[in-house]
Amino acid sequence: MATESIVVASVRPWQEIRDAKKAEQAARIPIEWRLTEYPPAGTIDVRPVASACGILSGRELKITGESYDATSLAAAIASGIYSAEDVVVAFCKRAAVGHQLCNNLTEIMFLDAIEDAKKLDQYFKETGKTVGPLHGLPMTFKDCFHVKGYDYCNGYISKTFNPSTSTTYVIELVKTAGAIVIAKTNVPQTMLVAEADNNVFGQTKNPVVHHLTCGGSSGGEGSNMGFRGSAIGVGTDVGGSVRIPAAANGVYGYRPTCGLLPFYGYAASGYTGVNTGIPATLGPLAQSVRDLTLFTRVVRNSKPWIVDPAVVPDVFEKGTIARKPIVGVIFSSGLTPHPPVRRALQEAVAKLKAAGFEVKEFIPPTLTSIREVTAKLFTLDGLSYQKNTLKESGEPPVQSVLDIGFWNMPRKSQEEAWVLNTRRLGFCKQMLDRWQEAQVDVVLCPVGPHTPVLPGQWNNDTYTVAWNAVDYPSVVIPFTTADPELDPKDTDFVALSETDAINEAKYDPELLAGAPAGLQIVAPKWGDEQLLADVEVIDLILNGKPEAKLRLRRAF
């Protein structure tokens, strides 16, 4: 089948293949779940369409709405409040609506998912037990994971109509624990862009502020989670690809230390043996910090190190301590954040100090200097894999691929690669030394130099890729939104560099009004277990209800 698909791709215009793939995708949405009316042009927030369209019942809106995160929904299923089929149908409907508004799905698996749910319900009926801690929870995965019988094209025309013959290991693990995969989600062409646009599926939209970017490269996942189209989503992250979409769509995201979660058997979007010094890892997107922990704990409890040789045992199983972590703060590092991001940091610091946290400024090695090195490491081969894969079908690069600046970067020699990785390792040592000198537990910093901007314009990953380079785990939490009254243009702005001036020019208070402004919280390498515990405490202070904050203050 693989040979046939390549032959077809070489003789058919790529546009015909695209149209055939989109037709296949559309046919997988049941007719009764298709929108008959769309919101007017210029609608900013399309999330209310879920309740207005009439496709979901009131009960289904409750299942998929803010009443539940994945953790509480799993408990409701286990107690018999909802059946697995109830939950899966509800989320499939909501994902279908979200996709029609935001174009965020790739492989749609609704019918198979419902059949899987029925089997779980039969097991529950016969035994009175769940099959595992994720029993009945609908999940989505980024397109770069294999699901047997479905394509894994990763946004390339030449890789369409070539179904996977196996399922990626981590998906097998969560399915064993009871999760149900309902769809895969959109990605950018080349996978090296903070966007989700390609010639196969097109541009994914942001459900919160529809004219702004959804981020990437796990952009379809971020958009789907922003619309609450699944209980937990899973993306990958080599430069910010989980955290940027989480922030852009107002949800939670987690990039673990490499080797914490199994990456074995994923659908590679580049040379499988490549070693840039900055390995990719998978990570969850969800509606709460405890959902991030739930996913991670379930996967780790399956002892993935007995299958995936890259997974390290006994690093997430040591237990945590209840504490108010000492928080270091990076306000800016080589690239000036836009006013909404600066305000988010300032407000977060004020809340943490008011709650009795010790907060101090943290000065890292200049993050823009780290980014200069990572950009060269990502393009060691001059993007030969990506360019050759596009040539197979004759499709052109999309604009966002050209705009990020990687396309024309030259191939490096082996000796140049060694020099670059020596520089990267130097930054690792500098970051460790700064951390020890500062005596902080976690660092609070921007996710990016701006909130989501126009599609294709999030082309600088300075505030996320630095943590990939030193392999520190990090979590993104939603916090506030851009407000033109609170966040006017900075009339005193003085550019630090040409890149800084370009970044500042993207800020338009009215255009970005309502854009989510998330925060990133980082811990040292292998500090993942305590990081998630610390972030849950910090999130409670920043986003929790007053009574919950009071209980927390009494606990400490």
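Colleague: Which residue in strand 6 is the bridge partner of Gly 253?

Modeller: The bridge partner of Gly 253 in strand 6 is Leu 285, and please keep in mind for this and for what follows that we are looking at a predicted model. Strand 5, residues 252-255, is joined to strand 6 by 2 bridges, and the two strands run antiparallel.

Colleague: And how many bridges join strand 4 to strand 6?

Modeller: Strand 4, residues 232-237, is joined to strand 6 by 5 bridges, and these two strands also run antiparallel. Within that pairing, Asp 237 stands opposite Thr 281 of strand 6.

Colleague: Is strand 6 mostly covered or mostly open?

Modeller: It is mostly covered, since 6 of the 6 residues in strand 6, which spans 281-286, are buried.

Colleague: Which residues point which way?

Modeller: Thr 281, Gly 283 and Leu 285 point one way from strand 6, while Leu 282, Pro 284 and Ala 286 point the other way, and all of them are buried. As background, side chains in a regular strand alternate between the two faces of the sheet.

Colleague: Okay, charges now. How many salt bridges does a search of the whole structure find?

Modeller: The search finds 27 salt bridges. One of them joins Glu 115 and Lys 118, with an N to O distance of 3.4 Å; both residues lie in helix 7, residues 110-127, where they are 3 residues apart, about one turn of the helix.

Colleague: Are Glu 115 and Lys 118 buried, partly exposed or exposed?

Modeller: Glu 115 counts as partly exposed because its relative accessible area is 41%, and Lys 118 is partly exposed as well, at 37%.

Colleague: What does Asp 116 pair with?

Modeller: Asp 116 forms a salt bridge with Lys 175, and the closest N and O atoms of that pair are 4.0 Å apart. This pair links distant parts of the chain, as Lys 175 is in helix 8, residues 169-176, and Asp 116 is in helix 7, 59 residues apart. Lys 175 is partly exposed at 39% relative accessible area, and Asp 116 is partly exposed at 25%.

Colleague: What about Asp 19, which residue is its salt-bridge partner?

Modeller: Its partner is Arg 18, and the closest N and O atoms are 3.0 Å apart. Asp 19 is partly exposed, with 43% relative accessibility, and Arg 18 is partly exposed too, with 27%.

Colleague: Which residues are linked in a network of salt bridges?

Modeller: Lys 21, Glu 24, Arg 28, Glu 107 and Asp 151 are linked in such a network.

Colleague: Changing topic: what is Val 465 in contact with, sequence neighbours aside?

Modeller: Leaving aside neighbours within four places in sequence, Val 465 is in contact with Val 238, Gly 239, Arg 371, Thr 374 and Phe 378. Val 465 lies in helix 17, residues 462-470, and counts as buried because its relative accessibility is 0%. The C-alpha atoms of Val 465 and Gly 239 are 4.1 Å apart in space, although the two residues are 226 apart in sequence.

Colleague: And which residues form the nonpolar patch on the surface?

Modeller: Tyr 264, Ile 306 and Val 307 form that patch, with about 320 Å² of accessible area together. Tyr 264 is found in the loop between strand 5 and strand 6, which brings us back to the strands we began with.

Colleague: Is Met 191 buried or exposed?

Modeller: Met 191 is buried, with a relative accessible area of 8%. Asp 471, in the loop between helix 17 and strand 10, also has a positive phi, of about 60°, and counts as buried at 10% relative accessibility.

Colleague: Last one: what is the radius of gyration of the chain?

Modeller: It is 22 Å, which agrees with the value near 24 Å that a compact globule of 556 residues would have. Buried residues make up 60% of those 556, and among contacts between residues at least 6 apart in sequence, 80% join residues at least 24 apart.

Conventions. Residues are numbered from 1 along each chain as its sequence is written. This is a predicted model: local features need pLDDT of at least 70, side-chain atom pairs count only at pLDDT 80 or more; totals for chains, interfaces and linings use all residues. Side-chain values use heavy atoms; hydrogens and water are left out. Buried means under 20% relative accessible area, exposed over 50%, partly exposed in between (1.4 Å probe, protein chains only). Helices (H or I, at least four residues) and strands (E, at least two) are DSSP runs, numbered from the N terminus. Two strands pair if DSSP finds at least two bridges between them. A salt bridge is a side-chain nitrogen of Lys or Arg within 4 Å of a carboxyl oxygen of Asp or Glu. Contact means heavy atoms within 4.5 Å. Patches are made of residues with over 30% relative accessible area and no salt bridge: like charges are joined within 9 Å, nonpolar side chains (Val, Leu, Ile, Met, Phe, Trp, Tyr) within 5 Å. Accessible areas come from the Shrake-Rupley method with a 1.4 Å probe; for residues, only the protein chains shown count as cover. The radius of gyration is taken over C-alpha atoms; the globule rule is 2.2 Å times the number of residues to the power 0.38.
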